[in-house]
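Have the model open while you read.

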Amino acid sequence: MLQALDLTKRYPSGASERPALDALNLTIAPGEIFCLLGQNGAGKTTTINLFLGFLQPTSGQAVIDGLNVADHPLETRKRLAYLPETVMLYPNLNGLENLNFFASLAGFRYTPDELRHLLTRAGLQAEAHLKRLGTYSKGMRQKVGIAIALAKQAKALLLDEPTSGLDPKAANEFSDLLLDLGNSGTAILMATHDIFRAKEVGTRIGIMREGRLVETMPTNDLTASELEAVYLQTV
Amino acid sequence: MLTLLFRSFIRSTGVKIGLGFLLTAGLVSLLVGRQFLDRQHRHHREVVAAQQADLRQLAEFNSKEMGLMLYYAPFALVNETLPLAGLSIGQRDVNPSIQRLTIRGLEGQKYDADLNNPSNLLLGNIDFSFVLIYLFPLLIIAFTYSVVSEERENGTWRVVAVQSRNLMGFIAQLFAVRLAVVLGLLVLLLGGGVAVLGLPLDAPFWLFAATAVLYVLGWFGICFWVASLHRPSSTNAVLLITTWLGLLVVVPAAVNQYLLTRYPLPEALATTVKQRRGYHEKWDMPQAPTVAKFYAHYPQFKHYPLPNTSFNWLWYYAMQQMGDDESARESGELRQKLYQREAASRQFGLWLPSVHAQLRLNDLARSGLGNQVRFLDETTRFHERLRLYFYPKIFEEYPVKAENWDQHFVETFADRSPIRVADFLLPPLLFALLLAGLGWLNFRRHLYHL
């Protein structure tokens, strides 16, 4: 579903330096949850931006559902949902209206009941649904963001450090939600710093360093502490 | 979706304050217009009443000599004030809308102006055209300087870009919502104008409204283009405020200065001097040459002989006539230059939406320089009609009592100079379309750049 073929990105300002992303090769099948680990600047967000079509690759291809992102940006975006690290929505609309708005942007029509159900599924308590987004905490906004991603019913989900603003309970619920989605056949690419959560939800884990994917391993062979050891060795 | 965009926009406190402020300013402008129209109508009524009374009274006091009677007798010509002038007062506050003339030398009377409080003139009127031309753009800038750029800055854009199936359409909707709100306010104020000023819903009114709408569209074009440059909101704000200052303050001042230098009016003083000398020096000259020149101007009066007296009315009015005749060249040049200034400002108006809107709204309201110059032309014709009517009566010493003074009504000048719709609508339409097109191209280029 998600495929990177020799995907390389070099920013014009740093032409002499190393590329931000260097010949990434990666395939994520439907139902798979791939967690990208790595330090800041390792190339995780660049990878996601290349799949989203916000960046043009210097060479190589980002492929979604068999379509090259650079050639079919609209078609590939239709198949994607995206959750950024910090979800920023419209502060003057309430949670329900924001969800409705972003769902209609993607061409979906939901009844108010369906919208409420999505918000609840994303973990947002019912009494917050009709409050203005300006009054929300970061975690609550993140949940609306999750609901927006759910509403799109996308085949692939890109997550950029999605749990960074969530409390442990919410993060746990979020993990369950991801496993649900994985089981129902969504291909998920998640960039994260959270080794333990990666081990918990990921089917495979990749470790990035200086733009390269240096290690890929399935999670079922490893314990979290083994994984941490590998991570610390690699970076 | 438009509904949600509209809600998101209108719920912001800044938007409510801005709309409230502009609505208040708009309503004040309508009251200013109402006061202006009331004053004009009052003056008109007063002049009509005064003319009948004055003529009767003067006829009683000066019943012996027609020449003396007409030395004093004032006849008024009124420049019709349309209700639309309440929306766009133009130069009507500086230039008098009523001329009261005797049949003596015209040039000495033609440029008489009302007494005005100079500080009022300096501040100008807060009429509707001021609110439209100066204040509406500020609101439009406030509403649009951060469209798209703010969403990019706070990160909403990433989610929007991924979700949206038609990102260009989404940008168009962001602007459409703001445009609808601003146009709604404009329509509300124009509706208020109809109610407060009693504007008839005729062709000039609709053209006035269309010109106003296109002016607003022009500013939306500017804002759309600036938003498309892919710069931070703060840069957009600076760019737009600079444009506002440029289009509304700096460039018009520069254009005005250019017109003053390019078409200077030394004739104004020269006309006065020549007219006065033309008349006054004749007192010290023999009567016959003056009257001969008068005969040359009006051969039809040749059969009235010059009386052999030290003072007579034929000679007196011939002297008055010479004041006008000898300053005719300067007067003509003055008029010519005023027309040239008017024509030149129109040329500038083709390129500057602010100048265009001001000139064209004044055109429709019949309150601009063009109207004033045509009123002066009509004043000249009016004065000439009076002279041709009264000269024979003076020269043949027609009895004052025999003249039916009540038939000399106040006359009204209705400016009917032609209005070409294309001149009003095409320049701002092309301006708005051009900027919208350029903005569209820019947006397409940067659409998915973060």
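## Buried area

Buried area here is the accessible area (1.4 Å probe) that two parts lose on being put together, summed over both. By that count, chain A and chain B bury about 2,600 Å² between them, with 61% of it on carbon and sulfur atoms. Phe54(A), Tyr90(A) and Leu105(A) supply 25% of the area that chain A buries against chain B, more than any other three residues.

This is a predicted model, where local features need pLDDT of at least 70, side-chain atom pairs count only at pLDDT 80 or more, and totals for chains, interfaces and linings use all residues. Residues are numbered from 1 along each chain as its sequence is written, chains are lettered from A in the order in which they are written, and side-chain values use heavy atoms, leaving out hydrogens and water.

## Who touches whom

Counting contact as heavy atoms within 4.5 Å, chain A brings 28 residues and chain B brings 22. There are two salt bridges between the chains (a side-chain nitrogen of Lys or Arg within 4 Å of a carboxyl oxygen of Asp or Glu). In one of them, Arg11(B) pairs with Glu97(A), and the closest N and O atoms are 2.7 Å apart.

On the side of chain A that touches chain B, H3(A) gives the largest share, seven residues; helices (H or I, at least four residues) are DSSP runs, numbered from the N terminus.

## A patch on chain B

Leu138(B), Ile241(B), Leu245(B), Val249(B) and Val250(B) make a nonpolar patch on the surface, with about 380 Å² of accessible area together. Patch residues have over 30% relative accessible area and no salt bridge, with nonpolar side chains (Val, Leu, Ile, Met, Phe, Trp, Tyr) joined within 5 Å; the areas are Shrake-Rupley values with a 1.4 Å probe, and only the protein chains shown count as cover for residues. Helix H11 of chain B (residues 233-262) gives the most to the patch, four residues, and Ile241(B) lies in that helix.

Methods
Helix = DSSP H or I, 4+ residues; strand = E, 2+ residues; numbered from the N terminus. Patch = residues over 30% accessible without salt bridge, like charges linked within 9 Å, V, L, I, M, F, W, Y side chains within 5 Å.
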